[in-house]
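Please read it with the sequence and the coordinates open.

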Amino acid sequence: WSYRTIAAAQVVDGFSEPLGSSLVPNQGLYSLGGSLSIRGIGAEEELGRNIFLVRTEIRQDIYPELDLNLLDLLVLRRTQLRVFADSGRVSNSAAKVYDVGGYAVGVGVGLAAVYEFMGFFPSVAYVEIATRVDDARRASDVQFLFGTRQDRKSTRLTPVTLESRMP
């Protein structure tokens, strides 16, 4: 471990309930798979009104503090290698999402580039390869994910010391 290694975890616990006698529409349902759920499972594969996920990552800076300036529009700050494991469940029953025996698990690796666009939009571009490992029939299915998102947490913060002095 070093200061260039980051362990990250995310817990997602969500519930949807219909109003009155109506049903929750498809766009209101949670997806078990996809880039924001369990990587390695398709986004349309399983939907439900309730979700519980645990997502974990180990991020290792490959070449820290690049500061590669591309025409003052884009500054590449650093690149990262990521290893991840995601687990969880969706269900229409709120109690079933906590049944660990039915959890789906996806694992994979990825490469990310932390950059700033126009000097003040910290963002992350990523490429990931993932597969599902809890179901042997689907273990050969490989998912390729890529994208970019604004990420305020990816910037390095400079520590600030506040002092109070009495005259």
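About 40 Å³ of space lies in the largest cavity, a cavity being a set of points on a 1 Å grid over the protein atoms alone where a 1.4 Å probe fits but cannot get out, with grid points joined across faces, edges and corners and the volume taken as the space filled by probe spheres set on the points. This is a predicted model, in which local features need pLDDT of at least 70 and side-chain atom pairs count only at pLDDT 80 or more, while totals for chains, interfaces and linings use all residues. Residues are numbered from 1 along each chain as its sequence is written, and side-chain values use heavy atoms, with hydrogens and water left out.

**Cavity**
- The structure holds one cavity of 30 Å³ or more.
- Ser35, Arg39, Arg55, Glu57, Tyr126, Glu128 and Arg149 line the largest cavity, lining residues being those with an atom within 4 Å of a point.
- By class, this lining comprises five charged residues, one polar and one nonpolar, where Asp, Glu, Lys and Arg count as charged, Ala, Val, Leu, Ile, Met, Phe, Trp, Tyr, Cys and Pro as nonpolar, and the others, Gly among them, as polar.
- At least two lining residues come from each of strand S4 (50-61) and strand S8 (121-132), strands being DSSP runs (E, at least two residues) numbered from the N terminus.

**Arg82**
- Arg82 belongs to strand S6 (residues 74-91) and counts as buried because its relative accessibility is 4% (buried is under 20% relative accessible area, exposed over 50% and partly exposed in between, with a 1.4 Å probe and protein chains only).
- Beyond four places in sequence, the residues in contact with Arg82 include Glu57 and Arg149, both of which also line the largest cavity; contact means heavy atoms within 4.5 Å.

**Ala43**
- Ala43 sits in the loop between strand S2 (30-31) and strand S3 (47-48), and its 34% relative accessibility is why Ala43 counts as partly exposed.
- Although eleven residues separate Ala43 from Leu32 in sequence, their C-alpha atoms are 6.6 Å apart.
- Leaving out residues up to four places away in sequence, Ala43 touches Ser31, Gly33 and Gly34.

**Confidence**
- The protein has a mean pLDDT of 84, with 89% of its residues at 70 or more, pLDDT being the predictor's confidence in each residue, from 0 to 100.
- Over residues 154-167 the pLDDT is below 50, and this stretch has eleven contacts in the model beyond near neighbours in sequence.

Technical notes
1 Å grid on protein atoms, 1.4 Å probe; cavity = no way out; pocket = protein on both sides within 12 Å on 5 of 7 lines; lining within 4 Å. Helix = DSSP H or I, 4+ residues; strand = E, 2+ residues; numbered from the N terminus.
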